[in-house]
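Here's a quick briefing on a disulfide and a pair of helix residues. Have a look at the model first, then read on.

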Amino acid sequence: MDKTIIIIGVLTVAVFGVIIGSTVLKKTDNLPRSLCVQHAGLGMHIHPMLSIFIEDQPVNIPANIGIDPNCMKAIHTHDESGKLHLEYPEVHEFVLGDFFANWNMPFSANQIMDKSIDDNHILTMTVDGNPNNEFEKLVLKDEQQIIIRYELKK
């Protein structure tokens, strides 16, 4: 009987450990993009450029996305130029979806902000002048030129 209780106790602790461990891992998946960073002691500091056009009209990418009085997130903007700043204590792969998450704007192969593809509209993206279908999964690199277009089908 004592061995049974011990085995049940060990199994219970193991199961709870797996549940708690997987929950913590899920919560920290977004930690790098939401981590508050400083301009000093960086292992990574890159600047991709992002341009967005909705039916041929340029979209303003606001200054200070990812910056508030208490925190500067790893992916942020300082001005309205479309220059994304990725700053992190170590080299890390960030994706374009991380930026849109910090901006609180939806972005995928089917939607940008409040615009979704439909029978009349398409969404395209080029990176350094080449068509790219990675959309939110695009790994960001220094000096990339990213252009996203939501436009009427031709």
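Setting aside neighbours within four places in sequence, Asp98 is in contact with Arg33 and Ile75 (contact meaning heavy atoms within 4.5 Å). Bear in mind that this is a predicted model: local features need pLDDT of at least 70, side-chain atom pairs count only at pLDDT 80 or more, and totals for chains, interfaces and linings use all residues. Residues are numbered from 1 along each chain as its sequence is written, and side-chain values use heavy atoms, with hydrogens and water left out.

**Helix α3**
- Asp98 sits in helix α3, residues 96-103 (helices are DSSP runs of H or I, at least four residues, and strands are runs of E, at least two, numbered from the N terminus).
- With 13% relative accessibility, Asp98 is buried (under 20% relative accessible area; exposed is over 50%, partly exposed in between, using a 1.4 Å probe and protein chains only).
- Asn102 is in helix α3 too, and Asn102 is buried at 8%.
- Not counting residues up to four places away in sequence, Asn102 touches Arg33, Ile65, Lys73 and Ile75.
- A polar atom of the Asn102 side chain lies 3.0 Å from the backbone oxygen of Ile75.

**The disulfide**
- There's 1 disulfide (a pair of cysteine sulfur atoms within 2.5 Å).
- Cys36 and Cys71 form it, with their sulfur atoms 2.0 Å apart.
- The pair links distant parts of the chain, 35 residues apart: Cys36 is in the loop between α2 (31-34) and β1 (44-46), Cys71 in strand β5 (residues 71-72).
- Its S-S torsion is about -115 degrees, so the disulfide is left-handed.
- Cys36 is partly exposed at 42%, while Cys71 is buried at 12%.

Key: A polar contact is a pair of N or O atoms within 3.5 Å; within protein, one must be able to donate a hydrogen and the other to accept it, and residues adjacent in sequence count only if both atoms are side-chain atoms.
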